[in-house]
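Hello,

As promised, I am handing over the structure we talked about. Please have a look at it first, and then read on for what I found.

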Amino acid sequence: DWSSDVCSSDLTASGLFGLTWEKMWIDTAGQSMEAETHKCMMTTDTYTPDFNAHDFRVDVTNEVTGTGYTLGGQTITGTEWTISGGVATYDHADVAWTTSTIANAMCGIDYFNVGADTTDQLLFLMDFVTAASSSGGTFTIQINASGAVTLDFTP
């Protein structure tokens, strides 16, 4: 299950980038979900995600630009991985760009910040459903109170 309150043309849904998750399950990702070095970047509606084939940041196109937004996105804090009642939850603090002017952001993409767009592994995409903008204010991606990603493993 995917869970987010902030979640169109090219973008049609939120989702997990399967190749990175496969690497985590078979222990070749080499990254911790609870690292405080992950980042969240945003793209416009013209990025077409391929959840089966895209696995590195270099696969992502049409990143937003604007005052107060740094290419590559914002560092994520408060990361946490928990398991309770048959549900695994990945969570982190809301992501915010202060004093920003950003136009037509359509999604947030969380990724492992390894250091280069060819090695930064994509985790998931949060579709905003409609484009969002800020004008000299704070642009915030608010994470659902139930977590950024929930996996129910008890059918």
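Before anything else, please keep in mind that this is a predicted model.

Let me begin with the cysteines. The sulfur of Cys40 has its closest cysteine sulfur in Cys107, at 8.4 Å, which is too far for a bond. Seen from the other end, the closest cysteine sulfur to that of Cys107 is the one in Cys40, again at 8.4 Å and too far for a bond. A disulfide is a covalent bond between the sulfur atoms of two cysteines. For a pair to count as one here, the two sulfur atoms must lie within 2.5 Å, so the 8.4 Å between Cys40 and Cys107 rules this pair out. Searching the whole structure gives 0 disulfides.

- Strand β5 covers residues 80-84 and pairs with β6 in the antiparallel sense over 5 bridges. Across this pairing, Trp81 stands opposite Tyr90 in β6, and Thr82 stands opposite Thr89 in β6.
- The hairpin of β5 and β6 has 2 residues between the strands, and Gly85 takes a positive phi near 60° there.
- On to the other pairing: β6 and strand β9, residues 149-152, are antiparallel over 4 bridges. The bridge partner of Tyr90 in β9 is Val149.

How covered is strand β6? Strand β6 spans residues 87-91 and is mostly covered, with 4 of its 5 residues buried. Ala88 belongs to this strand, and Ala88 is buried, with a relative accessible area of 5%. Leaving aside residues up to four places away in sequence, Ala88 touches Trp81, Thr82, Ile83, Val149, Thr150, Leu151 and Phe153. Ala88 and Gly147 are 59 residues apart along the chain, and their C-alpha atoms are separated by 9.7 Å.

Finally, please take a look at Thr20. Thr20 sits in helix α1, which runs over residues 18-25. Is Thr20 buried or exposed? With a relative accessible area of 0%, Thr20 is buried. Not counting residues up to four places away in sequence, Thr20 is in touch with Asp55, Phe112, Gln121, Leu122 and Leu123. From Thr20 to Phe124 there are 104 residues in sequence, and the C-alpha to C-alpha distance between them is 9.2 Å.

Best wishes

Methods: Residues numbered from 1 in each chain as written. Predicted model: local features only at pLDDT ≥ 70, side-chain atom pairs only at ≥ 80, totals over all residues. Heavy atoms only, no water. Buried < 20%, exposed > 50% of the residue type's maximum accessible area, 1.4 Å probe, protein only. Contact = heavy atoms within 4.5 Å. Pairing = 2+ DSSP bridges.
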